[in-house]
Amino acid sequence: MNINATIILQSIAMMIFVWFCMKYLWPPLIQAMDERRERIAEGLAASDKAEKELEAAKVQVSEQIREARDKASEIIEQANQRHTQILDQAKDDALSERQRQVTAAEADIAQASNQAREDLRSSVASLAVLGAGKILEKEIDAQAHRELLDKLIAEI
Amino acid sequence: MAGGSGNITQSDYIRHHLQNLTFGQHADGSWGLAHSAEQAQAMGFWAFNVDTMFWSLILGIAFYILFRTVAKKANSGVPSRFQAAIEFIVEFVDTSVRESFHGTSKFIAPLALTLFVWIFFMNFMDLIPVDWLPALAKSAGIVHQKVVPTTDVNATMGMALTVFVLIIYFSIKIKGVGGFIGELTGQPFASDSVAGKIVFFIPNLLLELVSLVAKPVSLGLRLFGNMYAGELIFILIAMIFTAGSGFVAGGLSSIFGEHIPAWFWIVATVTVFVTLWLNLKGKIADKHTLWLLLAEMLLVGGMAFLGGQLMHFGWAIFHLLIVTLQAFIFMMLTIVYLSMAHEHH
């Protein structure tokens with residue numbers, strides 16, 4: 001356990017090892033570690049960002065779904081309205097058509113009835129004249145008994 | 001072990017273990033290795049402890065290679081387990097430096113890393129059973145071999161002196177020569193008057209020089225003292241259970257006589273090794289393994305041997321803590337001292 005020149009050699013050895021460490025060991029190791037730390041931090045930030053974006057996207061999606069649902073119900077509402085409208089329209093049309101047809105038919109009927117009545121009247125008149133002529137055995141001047149005949153017809 | 005020969009006394013055994021392999025100039029003028037403590041003493045200052053330098057260089061190179069293999073492949077991707085382990089140490093040192101060193105320096109962190117790992121490796125040599133490497137060296141014809149460089153005061157004080165030089169260098173670099181001298185003479189007794197300054201000059205200088213010199217001494221001698229004491233306890237434990245020390249292997253001596261043959265130790269070692277290996281392979285249950293080991297210990301060296309093993313094991317666990325702690329303390333104190341050198345007081 002003597003103090004001898006080993007103390008100097010050890011001192012020199014230490015300086016050399018420290019120099020080696022400073023030159024060849026520390027910088028690459030600490031650089032790699034710092035880079036990895038940075039990458040991890042970036043990765044974490046990116047994942048945070050992605051999570052936030054996902055959250056925003058979810059909100060947006062639900063918004064869009066709500067909008068779509070609103071639109072759909074609106075369309076259904078419109079369709080229903082349109083449906084009622086068309087139905088009413090058709091009902092109105094049908095009613096007016098029926099009215100029109102009824103009116104036309106009534107007019108036809110009235111016309112036919114008038115016609116028939118006219119025909120009947122004229123037939124009756126001539127029959128009456130004929131009958132009267134037969135009865136009287138004498139020519140009745142049709143012109144002369146016009147007034148009488150008309151009166152007769154009207155009474156029928 | 002004392003080589004199995006019965007004529008080595010216990011104090012010889014201890015002294016042999018505490019003697020460095022010293023290379024220097026003999027009294028007759030020739031250069032060579034010292035063959036005894038007296039010869040080493042006589043060599044004076046200009047001699048070298050070959051074993052201390054050999055092991056500290058080997059361990060320093062081991063540190064360099066270990067870290068260099070990782071540093072070369074270092075990338076910011078997913079680290080391998082080995083890389084992660086190395087980076088854990090780097091991170092640990094880096095954090096310690098950041099917390100304790102208030103200043104910017106590209107030099108402090110590598111210095112701290114080198115000191116921590118290198119001193120840890122040197123201290124760790126203490127956990128290798130004390131007789132293994134010296135016995136190996138002896139079989140190669142080398143008489144003395146002290147394998148733990150930090151149990152050599154030259155090694156620890158050598159490192160402490162480097163740190164001391166760095167303290168002075170940084171003090172002067174940061175504060176200037178005047179600032180440094182002012183720090184040494186202007187406190188702890190401060191005065192505003194010129195007369196006061198002159199009066200306090202000498203006592204201040206004395207006090208500050210003591211605290212300055214205390215720094216390397218506290219670094220080097222504390223590490224040396226801890227490791228030397230730990231090594232000594234290992235040697236004492238080894239001595240207690242060494243066959244041939246007279247105290248222990250009475251049973252064995254009665255079988256083999258004075259000299260226990262080498263094959264006995266080989267058979268004993270192989271038996272223990274096979275037992276442990278079979279346990280690891282799952283062939284023997286833990287409980288059975290413990291009983292088998294106990295039986296083997298009793299057969300090999302009797303209760304004292306077993307006691308020695310247990311003591312060695314217990315002290316090794318405790319010493320593992322000391323080994324790490326002392327390396328850490330050396331590193332931390334270096335950081336703190338250099339941080340103080342960077343600060344203005």
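Reply: A definition before the sheet: two strands pair if DSSP finds at least two bridges between them. Keep in mind that this is a predicted model.

Me: OK, what is the strand order in the sheet of chain B?

Reply: The order is E2-E1-E3 in chain B, an open sheet of three strands with antiparallel pairing. E2 and E3 of chain B stand at the edges with a single partner strand each, so one side of each has no neighbour in the sheet.

Me: How many bridges join E1(B) and E2(B)?

Reply: Three bridges, in the antiparallel sense; E2 covers residues 31-33 of chain B. One partner pair there is B:Phe23 with B:Leu33.

Me: And how many join E1 to E3 in chain B?

Reply: Two, between E1 (residues 22-25) and E3 (residues 48-49), which run antiparallel. B:Thr22 has B:Asn49 as its bridge partner in E3(B), and B:Phe23 has B:Phe48. B:Phe23 therefore has a bridge partner in E2(B), B:Leu33, as well as B:Phe48 in E3(B), given that two strands pair if DSSP finds at least two bridges between them.

Me: What sits in the turn between E1(B) and E2(B)?

Reply: The two strands form a hairpin with five residues between them, and B:Gly29 in the turn has a positive phi of about 100 degrees.

Me: Switching to the inside. Which residues touch the most other members of the largest nonpolar core?

Reply: B:Phe67, B:Val90, B:Leu113 and B:Met159, in a core of 66 residues. Helix H1 (6-136) of chain A supplies at least two of the core residues, and so do several helices of chain B, including H3 (50-73), H4 (81-100) and H11 (286-342). H5(B) gives the largest share, 12 residues.

Me: What is B:Met159 in contact with, sequence neighbours within four places aside?

Reply: From chain A, A:Gln10 and A:Met14. From chain B, the contacts are B:Leu115, B:Trp118, B:Ile119, B:Met122, B:Leu223 and B:Phe330.

Me: Which residues does the second, separate core include?

Reply: It has 13 residues, among them B:Leu18, B:Leu127, B:Ile237 and B:Met239.

Me: Now pockets. How much space lies in the second largest pocket?

Reply: About 210 Å³. Its lining has 13 residues, and those nearest the centre are B:Asp94, B:Val97, B:Arg98, B:Ser105 and B:Ala109.

Me: What kinds of residue make up that lining?

Reply: Six are nonpolar, three polar and four charged. H1 of chain A and H4 and H5 of chain B each supply at least two residues of the lining.

Me: Last one. Where does B:Val272 lie?

Reply: In helix H10 of chain B, residues 262-280. Neighbours within four places in sequence aside, B:Val272 is in contact with B:Leu293 and B:Glu296. B:Val272 and B:Ala42 are 230 residues apart in sequence and 45 Å apart in space, C-alpha to C-alpha.

Key
Residues numbered from 1 in each chain as written. Chains lettered and ligands numbered in written order. Predicted model: local features only at pLDDT ≥ 70, side-chain atom pairs only at ≥ 80, totals over all residues. Heavy atoms only, no water. Core = buried A, V, L, I, M, F, W, Y, C linked by side-chain atoms within 4.5 Å. Buried < 20%, exposed > 50% of the residue type's maximum accessible area, 1.4 Å probe, protein only. Helix = DSSP H or I, 4+ residues; strand = E, 2+ residues; numbered from the N terminus. Contact = heavy atoms within 4.5 Å. 1 Å grid on protein atoms, 1.4 Å probe; cavity = no way out; pocket = protein on both sides within 12 Å on 5 of 7 lines; lining within 4 Å. Points joined across faces, edges and corners; volume = space filled by probe spheres on them. Nonpolar A, V, L, I, M, F, W, Y, C, P; charged D, E, K, R; others polar.
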